[in-house]
Amino acid sequence: MAQAQNTLLVREWRTTYNRGVAAAPALTIVSTLSYVYLSYNLAFTLNQHKAEVYALAALVTGSIVPYTLIFMTKTNGKLYQKARDSKHLDRVVEFDESKSKKSDNAQQLLAHWSVLNFIRGLLPFTGACLGFYASFYMTS
């Protein structure tokens, strides 16, 4: 029963991961370039400080890419492999958790991924807060 549960967990993770891979890069690029544009347009005006805040928002938002590559690639790869191992046509096939390393248990990997993903989510959130602050609370 636990193996079937782990199989379903990693398959659901794969579905969620694939949706994120499809949408997140475009959102990151648009957000980051928007902050870069705002920063550049204000850089040579009297709003230098506002330009710096937009530049910081761009930096923080865009840092999601190196964060993902540096900290999450290994865990994503292990989870994706588990999801691939569990797939067999349209039915759920149990994979043997006992054959994998203790640290590669599906539930432990998912828990670790959740922490990493939460931290990663804080990056664009912080960028959005900085952009909001620059837009609505900083005087011209």
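Reader: Which residues of α4 are buried?

Author: Buried means under 20% relative accessible area, exposed over 50%, and partly exposed in between, with a 1.4 Å probe and protein chains only. In α4, the buried residues are Ala106, Leu109, Leu110, Trp113, Leu116, Leu123, Gly127, Gly131 and Ala134. Please note that this is a predicted model, in which local features need pLDDT of at least 70 and side-chain atom pairs count only at pLDDT 80 or more, while totals for chains, interfaces and linings use all residues. Residues are numbered from 1 along each chain as its sequence is written, and side-chain values use heavy atoms, with hydrogens and water left out.

Reader: What span does helix α4 reach from its first C-alpha to its last?

Author: The expected span of a helix is 1.5 Å times one less than its number of residues. Helix α4 (residues 106-136) has 31 residues and reaches 44 Å, close to the expected 45 Å.

Reader: How is the packing of two helices described?

Author: Two packed helices are described by the angle between their axes and the distance between the axes. The axes of α2 (residues 48-62) and α3 (residues 64-86) come within 5 Å and cross at roughly 25 degrees. Therefore α2 is roughly parallel to α3, a term for angles under 35 degrees.

Reader: Which residues make the contact of α2 with α3?

Author: Contact means heavy atoms within 4.5 Å. Val60, Thr61 and Gly62 of α2 meet Ile64, Val65 and Pro66 of α3. Gly62 also lies 9.9 Å from Pro25, C-alpha to C-alpha, although the two are 37 residues apart in sequence.

Terms used. Helix = DSSP H or I, 4+ residues; strand = E, 2+ residues; numbered from the N terminus. Axes fitted to C-alpha atoms, helices over the stretch in contact; angles between N-to-C directions. Parallel < 35°, antiparallel > 145°, perpendicular 65-115°, else oblique.
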